[in-house]
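Q: I'm new to this one, so could you walk me through it?
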Amino acid sequence: MSRGFPYTPYPNGWFRVADSDEVEAGSIRAVQYFGKQLVVFRGEDGIAHVLDAYCAHLGAHLGVGGEVVGNTIKCPFHAWRYDGDGNCVEVPYARKIPPRAKVHAWTMCEKNGMILVWHHAEGKPPSFEIPDVPEWGSQEWSPPQRRSFKVRAHCQEMAENVVDDAHFKFVHQVHSMPQSTAEIDGHIFRVVSISKVGTPRGETEGRIEIASHGLGFGLTRFTGVVEMLVVISGAPIDEEYSETTLRFMVKKLANEEATRGVGKAFIAEIERQFGQDIPIWENKIHLTRPALCDGDGPIALLRKWARQFYSETPAEPALERPGQDPL
Ligand code: FES
Ligand SMILES: [Fe+2]
């Protein structure tokens, strides 16, 4: 079900598969991403690992009844144990471990309170890293509040939304259309968006800076009236559904109550907008040759940037719109 999307639903890059606090030491979490069953487990040493879920012996699901033993995961069926690299380290009733006793271990990193895996269609190693978010854990910022959404759309459709200036007016009823400028900085797509924001003291300019590190991780910083940050992470669940998790943080104001109030309004507004986008995303098709106009944001540039995250050769023709570089 590609709905016109010319690429795989599983782009290359870093994608979040769990939050750190969902996987305590000695515990296992079964998840589904990239159309696969995976297990995330944390050894007694505190190090997290991500493995394909099915045991190499007879295919039991390691996350259903399995347990963490030391720094290994034990299969619930015949008690074979695997280390964090997916190697079988014990078959309790055999003298020799069969050479095929191995499950795929994902390249992962744990940063900013989340566990991410590197996905690459050709199995190539990471070509970039996820940055540390300086606001994360800072005393000057409110602790993150999390919201997750499961949407029947390709993750790139959602990425396109941030540079789609016109939809802010017509989908979100934002009274003035933001003006976005964007640039490709290697694997990072940077957007600066200026919009008018109404405040009790009149209209002021709000500035939004977005840095997308591939299609699975992004940072959106709001400045102007108050400073706010949304850490966006996501992953394709299967060929139809994607998951997006937003973490909201607010730079603390003079008093706690004001910070809480701003945070609450901020989350409510983004949730409202996300809710408005969902029916569009879930029912649209992807046009490889859209009829873009000069008032549209840098959608074509985003598509040009996003191409680097697909292993397959693009089949689509070049795309142009007035005043913008062709793809
Ligand atoms: S299926 Fe896992 S040990 Fe047999
Ligand atoms: Fe939107």
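Q: How do S9 and strand S10 pair?
A: Strand S9 and strand S10 (residues 114-119) pair in the antiparallel sense over four bridges, where strands (E, at least two residues) and helices (H or I, at least four residues) are DSSP runs numbered from the N terminus, and two strands pair if DSSP finds at least two bridges between them. Met 108 stands opposite Val 117 in S10. This is a predicted model, in which local features need pLDDT of at least 70, side-chain atom pairs count only at pLDDT 80 or more, and totals for chains, interfaces and linings use all residues. Residues are numbered from 1 along each chain as its sequence is written, chains are lettered from A and ligands numbered from 1 in the order in which they are written, and side-chain values use heavy atoms, with hydrogens and water left out.

Q: And what order do the strands have in that open sheet?
A: The order is S1-S10-S9, three strands with antiparallel pairing, and the edge strands, S1 (13-19) and S9 (108-111), each pair on one side only.

Q: Is His 172 buried or exposed?
A: His 172 counts as buried because its relative accessibility is 0%, and Asp 277 is buried as well, with a relative accessible area of 5%; buried means under 20% relative accessible area, exposed over 50%, and partly exposed in between (1.4 Å probe, protein chains only).
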